[in-house]
Amino acid sequence: MTVTNEAEKSEKKSNSFIEQIIINDLEKGKNGGKVQTRFPPEPNGYLHIGHAKAICLDFGMAKKYGGVCNLRFDDTNPTKEDVEYVDAIMEDIKWLGFDWANVYYASDYFDQLWEFAIKLIKEGKAYIDEQSAEQIAEQKGTPTQPGTESPYRNRPAEESLELFQKMNTGEIEEGRMVLRAKIDMASPNMHFRDPIIYRVVKAAHHRTGEKWKAYPMYDFAHGQSDYFEGVTHSLCTLEFVPHRPLYDLFVDWVKDEKELDDNRPRQYEFNKLNLFTREHGEEEIGDLEDKVVVISHKHLKEEYWSPENQLWIATGGFGCSPTAIGRAVYATCLIDDDKGRWDRHQVLGVIKDEYLPDWAREKLEEMQAQETSQNNDINLG
């Protein structure tokens, strides 16, 4: 075997499973020979350390294989989203050293999703259910027991169409009815048991204002948005594995069951970033409150915590021990806004107390002294 072949063999072995999938697709000429990924955060909070891994994969794979990575905000829940988070997310992506080809929003596709939902109703693949959320949940069954069909499951398409229109006029109150996909109430995959795809939310959207009262659910919008944009490799974390069959089914439907093996997005899952045996996703961040260290966001970024360090941690430390990686990261802190005001926010990383630079330790001691003084004044009062 030649030296060149040995090098090629070695390089092939070092590829991650996601890279190997991309290489195989390119060799087969799938998706017109292109690679397109996306980073799709929901603009309902600040980025955490786990997002950094996703950013590295989404942008990194596209760059390595001559593709495109877009930034898309999955803004399907107007009650929790804000322009402040949009701006913060964009700033942090750039700070990590990446840039997007285009900025998209799920709300860009609200009209297309609405028309797609109407099409499904007409084809008998969706229906309006007027049961309560509790009733629907109860009828879902369990992983070992089939669900029970809704009494509205076979209502005429004309009725569902009329009610669906009313969901978006403001005539229907929140929780009064939903649009469900008609799939299989006996499926072993709970996500196939007639999932809700539209609900009423009477809240102004940060981009579309008061235009919509009926909003698509995340699972209904996500895969179709990927398809509309031309995404080829949709990378996400392992909790979305059970969602993949539903993702694929909705893409099949939006493609009218044509050319199903090509020119479509495929979902591939990777493991969450696990630091110090803790998973630092949005749902776990609240548990860190008692372990928070005070540190300035400005100094965190400019003087101590470089994008290179962030990438190092996000990609697993390149062989360094989990303890060495974990010692450096927490996800919540008090941030100096450079105007002398401090507030609680989530940031990409916070150094543990014993690793704080002197300026930060001094600031921490100063604030703790102030808090002690204030508490003493209250007790004396």
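Figure 1. D194 is buried, with a relative accessible area of 1%. In this predicted model, the residue lies in the loop that connects β5 (178-181) with β6 (196-200). Phi of D194 is near 45 degrees, a positive value in a residue other than glycine. Most residues other than glycine have a negative phi.

**Figure 2. Backbone at E257.** E257 is located in the loop between α9 (244-254) and β9 (266-270). Although E257 is not a glycine, its phi is positive, at about 60 degrees. The relative accessibility of E257 is 44%, and the residue therefore counts as partly exposed.

**Figure 3. Contacts of K94.** The side chain of K94 meets that of D99 in a salt bridge, with an N to O distance of 3.2 Å. K94 is partly exposed at 45% relative accessibility, and D99 is likewise partly exposed, with a relative accessible area of 48%. K94 also lies over the face of W100, at 4.6 Å from the ring centre.

Figure 4. The whole structure contains 23 salt bridges. One of the pairs is E123 with K125, whose closest N and O atoms are 3.5 Å apart. E123 has a relative accessible area of 40% and is partly exposed; K125, with 22%, is partly exposed too. A further salt bridge joins the side chains of R153 and E149 at 3.6 Å, N to O. Here R153 counts as buried at 9% relative accessibility, whereas E149 counts as partly exposed at 45%. Elsewhere, salt bridges with shared partners connect R38, R72, D74, D226 and E229 in one network.

**Figure 5. Lining of the largest cavity.** The structure holds 2 cavities of 30 Å³ or more, and the largest has a volume of about 90 Å³. Its lining consists of Y218, D219, H222, C236, F240, H243, L246, Y247 and Q267. At least two lining residues come from each of α8 (218-229) and α9, and α8 provides the largest share, 3 residues. Sorted by class, the lining has 5 nonpolar, 3 polar and 1 charged residues.

Figure 6. F110 belongs to helix α5 (residues 110-122) and Y215 to strand β7 (residues 214-216), so the pair ties together parts that are 105 residues apart in sequence. F110 is buried at 2% relative accessibility, and Y215 is buried at 0%. F116 and F220 form a stacked pair, with 5.5 Å from centre to centre and 10 degrees between the planes. F116 lies in helix α5 and F220 in helix α8, so this pair ties together parts that are 104 residues apart in sequence. Both F116 and F220 are buried. Ring pairs link F110, F116, Y215 and F220 into a cluster that also includes W114, F164, Y198, W212, F250 and W253.

**Figure 7. Charged end of R207 over Y105.** The charged end of R207 is placed over the ring of Y105, at 3.9 Å from the ring centre.

Definitions and conventions:
Residues are numbered from 1 along each chain as its sequence is written. This is a predicted model: local features need pLDDT of at least 70, side-chain atom pairs count only at pLDDT 80 or more; totals for chains, interfaces and linings use all residues. Side-chain values use heavy atoms; hydrogens and water are left out. Helices (H or I, at least four residues) and strands (E, at least two) are DSSP runs, numbered from the N terminus. Buried means under 20% relative accessible area, exposed over 50%, partly exposed in between (1.4 Å probe, protein chains only). A salt bridge is a side-chain nitrogen of Lys or Arg within 4 Å of a carboxyl oxygen of Asp or Glu. On a 1 Å grid over the protein atoms alone, a cavity is a set of points where a 1.4 Å probe fits but cannot get out, and a pocket is an open set with protein on both sides within 12 Å along at least five of seven lines; lining residues have an atom within 4 Å of a point. Grid points are joined across faces, edges and corners, and a volume is the space filled by probe spheres set on the points. Ala, Val, Leu, Ile, Met, Phe, Trp, Tyr, Cys and Pro count as nonpolar, Asp, Glu, Lys and Arg as charged, and the others, Gly among them, as polar. Rings of Phe, Tyr and Trp (its six-membered ring) pair if their centres lie within 6.5 Å; planes under 30 degrees apart count as stacked, over 60 as edge-to-face and the rest as tilted. A charge sits over a ring if NZ of Lys or CZ of Arg is within 6 Å of the ring centre and within 35 degrees of the ring normal.
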